[in-house]
Amino acid sequence: MMDSSTPTGLSVFQFAGLRQGPKVIILGAVHGNETCGTEALKRLRQEIESGELCINRGTLTMVPVTNPLAYQLQRRHGDRNLNRNMSRTDAPQDFEDLVCNVLCPLLEQHDVLLDLHSFQAPGIPFALIGAPNNVGDIEPTSKAKQEEAMAMSLGVNRFVEGWLDTYAQGVRDRKARGVDARVDYGVGTTETMRRGGGIAVTLECGQHDDATAPETAYKAIRNTLAHLEMTSDAKPELVRNPEVIRLYRVIDRLHSDDVFSKKWLSFEKITQGTVIAYRHDGVELVADRDGWIVFPNNTAQVNQEWFYLAAQSDRLG
Ligand SMILES: [Zn+2]
């Protein structure tokens with residue numbers, strides 16, 4: 001797993017205002033080939049260091065390259081996906097375990113996380129938010145309103161919710177089939193942050209190579225800092241007509257010959273009764289309601305997430 005070229009450290013930059021305020025952490029390149037956040041943070045750091053922008057209150061921490069091995073390799077993972085199964089361990093097995101041992105305590109020292117990503121397929125930017133206020137076991141929170149207000153300040157119009165809940169249902173399905181699976185595997189940066197009592201938003205800024213993605217990331221950072229009154233920028237207006245999409249079901253691939261009925265785009269609209277895919281034995285997988293197909297994965301492995309179903313949500317209304 002380690003050779004002499006494997007990175008041995010993380011670069012963490014911090015700026016403190018002289019007045020009390022929120023402790024904000026911003027991550028780039030949690031996935032190594034998603035560099036829009038890295039570029040945006042580099043630009044922001046230069047602006048702060050040159051005096052062009054001031055942090056007046058609170059603390060801003062930036063980690064431009066959160067997975068330096070994956071970044072060095074210019075791919076999503078180093079040894080594994082850093083944004084899954086995020087926890088501390090006394091016996092690190094891979095590079096990402098080492099990063100988690102630094103990142104988890106760092107996240108816990110903060111109140112607010114903005115995690116900057118990009119995606120593979122064409123599409124518009126969107127923000128992933130956590131569960132509404134609830135006292136359940138999977139993702140309890142009492143700070144959903146703060147998280148929603150932050151998300152609606154970022155400058156994007158599309159919002160996705162229901163990730164961990166839906167993931168937990170997928171794990172139950174897998175267990176029912178006798179496959180070993182853990183809900184904790186669905187825990188990444190934002191879930192870790194919320195479990196520590198903070199608020200967190202993942203912003204998917206556009207396609208990996210989209211030239212506008214770094215600008216989307218940069219604006220979202222400036223808007224977040226302004227929303228939290230940490231800079232002298234005017235507070236951004238909340239988005240007026242948000243499109244809110246709730247993931248409600250994840251379907252695993254069960255056989256290598258399971259196939260999609262067509263080449264789906266992520267967030268492609270589907271109507272009730274649409275045939276989405278065929279199992280290897282010909283059984284049709286049909287949309288049970290109007291909504292969207294999300295994150296279809298042509299290269300999904302057996303017993304891994306193949307696609308998600310989503311429906312309109314009344315959140316943020
Ligand atoms: Zn990502």
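This report walks through a predicted model of one protein chain, from its overall build down to a few single residues.

## Before we start

Residues are counted from 1 along each chain, following the sequence as it is written. Since the model is predicted, local features need pLDDT of at least 70 and side-chain atom pairs count only at pLDDT 80 or more, while totals for chains, interfaces and linings use all residues.

## The whole chain

Let's zoom out first. The protein chain has 7 helices and 14 strands. Here, helices (H or I, at least four residues) and strands (E, at least two) are DSSP runs, numbered from the N terminus. The C-alpha atoms fill a box of roughly 65 × 50 × 40 Å along the principal axes.

How does the radius of gyration of the protein chain fit a compact globule? A compact globule of 317 residues would have a value near 20 Å, and the protein chain has 20 Å, so the two agree. That radius is taken over C-alpha atoms, and the globule rule is 2.2 Å times the number of residues to the power 0.38.

Of the 317 residues, 41% count as buried. Buried means that 20 or more other C-beta atoms lie within 10 Å of a residue's own; 12 or fewer makes it exposed, anything in between is partly exposed, and the C-beta atoms are placed from the backbone. As for contacts (C-beta atoms, placed from the backbone, within 7 Å), take those between residues at least 6 apart in sequence: 71% of them join residues at least 24 apart.

## Two domains

The domain assignment gives domain 1 (13–241) and domain 2 (246–312); such bounds come from an automatic or database assignment. The C-alpha centres of the two domains lie 26 Å apart.

Where they meet, 14 residues of domain 1 are in contact with 12 residues of domain 2. On the domain 1 side, strand S6 (158–161) and helix H5 (163–176) each supply at least two residues, and H5 gives the largest share, with 7 residues. Sorted by class, that side has 6 nonpolar, 5 polar and 3 charged residues. In this sorting, Ala, Val, Leu, Ile, Met, Phe, Trp, Tyr, Cys and Pro count as nonpolar, Asp, Glu, Lys and Arg as charged, and the others, Gly among them, as polar.

## A closer look at H5

H5 has 14 residues and reaches 20 Å from its first C-alpha to its last, close to the 20 Å expected. The expected span is 1.5 Å times one less than the number of residues.

Which residues of H5 are buried? They are Trp 163, Leu 164, Asp 165, Thr 166, Tyr 167, Ala 168 and Gly 170. Their cover includes strand S5 (126–128), helix H6 (189–195), strand S8 (243–252) and strand S14 (305–312). After H5 comes Gly 178, with a positive phi near 85 degrees.

## The nonpolar core

In soluble globular proteins, nonpolar side chains tend to be buried together. A nonpolar core here is a set of buried Ala, Val, Leu, Ile, Met, Phe, Trp, Tyr and Cys residues joined through C-beta atoms within 7 Å. The largest one has 74 residues, and those touching the most other members are Ile 26, Leu 116, Ala 127, Val 201, Leu 203, Ala 217 and Ile 221. This core draws at least three residues from each of domain 1 and domain 2.

Take Ala 217: leaving aside neighbours within four places in sequence, Ala 217 is in contact with Cys 36, Gly 37, Ala 40, Leu 116, Leu 203 and Cys 205.

Most residues other than glycine have a negative phi. Phe 267 is not a glycine, yet has a positive phi of about 70 degrees. Phe 267 sits in the loop between strand S9 (259–260) and strand S10 (268–270), and is buried, with 20 other C-beta atoms within 10 Å. Asn 303, not a glycine either, has a positive phi of about 70 degrees. Asn 303 is in the loop between strand S13 (291–294) and S14, and is partly exposed, with 16 other C-beta atoms within 10 Å.

Next, look for His 117 in strand S4 (residues 112–119). His 117 is buried, with 24 other C-beta atoms within 10 Å. Beyond residues up to four places away in sequence, His 117 touches several others, including Val 30, His 31 and Glu 34. Asn 83, in the loop between helix H2 (68–73) and helix H3 (95–108), touches Val 30, His 31, Gly 188 and Thr 189, again not counting residues up to four places away.

Notes: Contact = placed C-beta atoms within 7 Å.
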